[in-house]
Amino acid sequence: MPNPRSGLAHRAYRRARGRLRRESQTCHICTGTIDVTLPATHPRSWTADHVIPRSKGGALLGELKAAHRDCNASKGNKIQT
């Protein structure tokens, strides 16, 4: 379970993430299809990416896009142009 202090356990964030998961199964980084049946720990599983990273001033409820877990990890806290 996410650390409540990080904000990722916030109800509004979980709802936004759930909405995005239902609507988008295409990785915005590599444009590949995401298999939403994979376990959360799998490198190619679905995850929500903050377009503007929180470490760069992005908001918890800022713009989110679907991404593979490994694509999101390799992007790190960079802002894509």
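Tutor: A contact here means heavy atoms within 4.5 Å. This is a predicted model, in which local features need pLDDT of at least 70, side-chain atom pairs count only at pLDDT 80 or more, and totals for chains, interfaces and linings use all residues. Residues are numbered from 1 along each chain as its sequence is written, and side-chain values use heavy atoms, with hydrogens and water left out.

The part in view is helix α2, residues 69–75; helices are DSSP runs of H or I with at least four residues, numbered from the N terminus. K75 belongs to this helix. Leaving aside residues up to four places away in sequence, K75 is in contact with I29, D49, H50, V51 and Q80. K75 counts as buried because its relative accessibility is 6%; buried means under 20% relative accessible area, exposed over 50%, and partly exposed in between, with a 1.4 Å probe and protein chains only.

C71 is also found in helix α2. Its relative accessibility is 9%, so C71 counts as buried. With residues up to four places away in sequence again set aside, C71 touches C27, I29, C30 and R44. C30 lies 41 residues from C71 along the chain, and the C-alpha atoms of C71 and C30 are separated by 7.2 Å.

For contrast, R22 sits in helix α1, residues 11–23. R22 counts as exposed because its relative accessibility is 62%.

Note on methods:
Helices (H or I, at least four residues) and strands (E, at least two) are DSSP runs, numbered from the N terminus.
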